[in-house]
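Let's take a walk through this model together. Have the viewer open and follow along, section by section.

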There are 2 protein chains.
Amino acid sequence: MRLEWDFPWGLFRAPQTNQHNHRYSHTRNHGRRTDPPREHFRPCQHCRHQVRRHHQGLPLSTNTTIPSPHAHSLTPHQHRYWGKRDTKLNLPTNSSLSVTLSQDDLRTHTTASCSPDFTQDSLTLNGKDQDISGARTQACFRELRQLRKDVEAADDSQPKLADLKLKVVSENNFPTAAGLASSAAGFAALVRAIANLYQLPASPTDLSKIARQGSGSACRSLFGGYAGWQKGEKDDGSDSLAYEVAPASHWPDMRACILVASAEKKDVSSTSGMQATVATSALFQERANNVVPKRMKAMEKAILDRDFEAFAVLSMKDSNNFHATCLDTAPPIFYMNDTSRAAVRLCDAINDAAGKVVCGYTFDAGPNAVVYFLAENEERVAGTFKNILGDKTGWEGKNIKSEVQVPEGNEVAVESLKKGISRVIITSVGDGPRKTEEHLC
Amino acid sequence: MRLEWDFPWGLFRAPQTNQHNHRYSHTRNHGRRTDPPREHFRPCQHCRHQVRRHHQGLPLSTNTTIPSPHAHSLTPHQHRYWGKRDTKLNLPTNSSLSVTLSQDDLRTHTTASCSPDFTQDSLTLNGKDQDISGARTQACFRELRQLRKDVEAADDSQPKLADLKLKVVSENNFPTAAGLASSAAGFAALVRAIANLYQLPASPTDLSKIARQGSGSACRSLFGGYAGWQKGEKDDGSDSLAYEVAPASHWPDMRACILVASAEKKDVSSTSGMQATVATSALFQERANNVVPKRMKAMEKAILDRDFEAFAVLSMKDSNNFHATCLDTAPPIFYMNDTSRAAVRLCDAINDAAGKVVCGYTFDAGPNAVVYFLAENEERVAGTFKNILGDKTGWEGKNIKSEVQVPEGNEVAVESLKKGISRVIITSVGDGPRKTEEHLC
């Protein structure tokens, strides 16, 4: 059993206030309720007098949980994050956009807590202890602690949390497969959870600068809907931050069907890949300097205009453009495989059969296809894939009709998909991180 | 039985003279000797008086056979032929280089003949009649006939061959698989055979302008060794021609191991692919205008310096750069598949294990890998692939040792190659078209 402090959640879009309005509850931990051990009873350091009055001897274990959605840079791979102008600060060579997917379907659930009982900072992902000695994780911890110290310095009544060790526990509700951008969502959730634990008065944009140092794309994951990441110009990275292009409610009928390719270990980590691309691709500078800036503007306009055709065409073009620069790296980086090629062929065939652009694909740093479509074309797009992949997991509860015929002449691609796709995820554009009472620690 | 005229063969590198020094022979046709039918006996129009004197009533069936090597643009894919500035004239948007492979291993054997008995022009490839109504084939026939007409107009004693119908019979000694550049070798052989039949005083460079109109890359196939194709600047294509960078004898120890991928139909024909790339790729102009010109110079230098490392690195980079622009096409063009990726990984691993660049790959418009190496590294490179693919055809008579261990950690790639490669071709740099007495018709 753990006695928990739950801090109230500010609206994430507005700077959080320093209001101290916590709640005390006895909750079950792992379903088993026990009395707190004697040694846990200490004076609360958060708000000494209130706690003393109401909950004498509470353990100093504070806890805040973030179910963070996946805003993996699905959409505008055309504005994809790849190539860093500064490795340490994770500063990108080009701006980028992303669509945040619904956390009902793709979610990283993270609880952050701190306590004098903790002897070291720790991070657990899906039940496994993670190495947090890396510069990226350390940078996030350090920056968040510094902000907390600022809060504590400005207000002497604030409990001294910054000096306590942190315990972060994280779980994904999807397989941590290659290319599902789990590190981006993971760092976003970590930063959001600790920021809430610390009650930092930081906006999502402020926090995006910290999350960026953990995993570049994480900065966008602090937003819901359609988010951008401006590359910034300054050497210290202070203007390389995320912003909202439009909330999910602006264009809520955006849907995605993710075709998850059978697990195959990535042979190049994203970071070394990125650096090699910048250093060796003869085409990368053209992409970063000319291709992306133009498409970035066009994509923002497509989103604001709710112009699906432009959105889809730009997504496909930019995904291919991005993977072209990967292939142009020495040694070449291949993320797309034969299964990915089959998904591309099927999307083209679905659009051809429809006589208009009803779907658009994009590929992250892995073989999984993310196929976008509007709710009105669900049967035509997702239904076609269900016709092919109906025996895979992921269709349950989605009620997608699959009476659409697979366009003819795609037998090879169909066979390749049946063989190479292990599961599907049907989802839609969603909101940013939100509060939950389901604590993981 | 056919009574045949065999014209002597000029050296292909020098302009051919109009010397008329033919030979008359009774030869077997398809192994069966019969007397010529009466209606075939006519006065020879080639050299009326000599023939009359010696061979009264010879049939006017002239015949010239070209075993043409494959100079498919294997090497400097970095200077690969892709993208046309003029579709009709097959004018490329960038210059290119190629290595001519030994015709002992990869050969197109072509016989051209003309006769008043022929009622129409015809072309047979591997026993099958081909459609010759296409503009490309017609352009080759037309231009060669025009040159013959010039010869006949300048010298009244010349037999009137230009008005006779042509019969061209061609056979490849390798499977007409996707991506083995059979059309390039085919058109080169066709042009060379007809030019010799017509005794044209045209140099290989002159003929390259005609072959180019049949199939762009064919222009280089008229040369042996290391050949270039300058893109030219003129609208009429008169300066878009092939030239010799170095003969095979300059760097004779160049070897190639071609990994032929299991037959899979190409889903985009090369021509439509090229045009789509020029029209839609955001990276193609960068490649054509900046990347290729620099690498073209570097590659010519590598060949002249016999610098294998530079040669191999440039080959790999340019192959990847070329395929990157294919991928950046809308819709994307994929020639490399998972088997190709495995070949790339193995080459990288072989070089890593050697601690230096001992092999370089390149991919044409198909999944087949062409792996270059020097004779001194045969065991290390070809031997490694033999260790993996020893049960495929193509190793017979090549006496390649295969005691080299496959570098560790490449199990996935090894499995992929075993599954995806159907045969290998071990070959070397070779000479240009040469004469043969083995007539196909």
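Predicted model: local features only at pLDDT ≥ 70, side-chain atom pairs only at ≥ 80, totals over all residues.

Now hop over to chain B. There, B:Glu152 lies in helix 2 (residues 135-154) of that chain. With a relative accessible area of 5%, B:Glu152 counts as buried, because the cut-off for buried is under 20%. Setting aside neighbours within four places in sequence, what does B:Glu152 touch? Its contacts are B:Gln158, B:Pro159, B:Lys160, B:Leu161 and B:Ala162.

Over all chains, the structure holds 14 salt bridges. One to look at joins A:Arg341 and A:Asp338, where the closest N and O atoms are 3.2 Å apart. These two are three residues apart in helix 8 of chain A, so about one helical turn separates A:Arg341 from A:Asp338.

Another one is in chain B, between B:Arg145 and B:Asp121, with the closest N and O atoms 2.7 Å apart. B:Arg145 belongs to helix 2 of chain B, and B:Asp121 to the loop between strand 7 (107-115) and strand 8 (122-125), so this pair ties together parts that are 24 residues apart in sequence. As for accessibility, B:Arg145 is buried, and so is B:Asp121.

## Where the two chains meet

Next, the interface. How many residues of each chain are in contact with the other? The count is 30 residues of chain A against 30 residues of chain B. Putting the chains together buries about 2,600 Å², and carbon and sulfur atoms give 56% of that area.

How many salt bridges are there between chain A and chain B? The count is zero. There are polar links, though: seven residue pairs are in polar contact across the interface, with both residues at pLDDT 80 or more. On the chain A side, helix 6 (284-304), helix 7 (308-327) and helix 8 (338-354) each supply at least two of the residues that touch chain B. Helix 7 gives the most, with seven residues. Sorted by class, this side of chain A has 13 nonpolar, six polar and eleven charged residues.

## The nonpolar core

The largest nonpolar core has 126 residues. Which of them have the most contacts inside the core? They are Leu259, Phe311 and Phe385, in chain A as well as in chain B.

For a closer look, pick B:Phe385. Leaving out residues up to four places away in sequence, B:Phe385 touches B:Leu259, B:Leu346, B:Cys347, B:Ile350, B:Val371, B:Gly390, B:Trp395 and B:Leu417. B:Leu259 in that list is also one of the residues with the most contacts inside the core.

## Two buried loop residues

Loops can hold buried residues here as well. B:Asn94 lies in the loop between strand 5 (91-92) and strand 6 (96-99) of chain B, and B:Asn94 is buried, with a relative accessible area of 2%.

In chain A, A:Ile333 is in the loop between helix 7 and helix 8. A:Ile333 is buried, at a relative accessible area of 3%. A:Ile333 and A:Ala365 are 32 residues apart in sequence, and 9.6 Å apart in space, C-alpha to C-alpha.

## Stepping back to chain A

Time to zoom out. The secondary structure of chain A comes to ten helices and 16 strands. Of its 441 residues, 60% are buried. What share of contacts between residues at least 6 apart in sequence join residues at least 24 apart? In chain A, that share is 76%.

Terms used. Residues numbered from 1 in each chain as written. Chains lettered and ligands numbered in written order. Heavy atoms only, no water. Contact = heavy atoms within 4.5 Å. Buried area = accessible area lost by both parts, 1.4 Å probe. Salt bridge = Lys/Arg side-chain N within 4 Å of Asp/Glu carboxyl O. Polar contact = N/O pair within 3.5 Å; in protein donor to acceptor, adjacent residues only side chain to side chain. Helix = DSSP H or I, 4+ residues; strand = E, 2+ residues; numbered from the N terminus. Nonpolar A, V, L, I, M, F, W, Y, C, P; charged D, E, K, R; others polar. Core = buried A, V, L, I, M, F, W, Y, C linked by side-chain atoms within 4.5 Å. Buried < 20%, exposed > 50% of the residue type's maximum accessible area, 1.4 Å probe, protein only.
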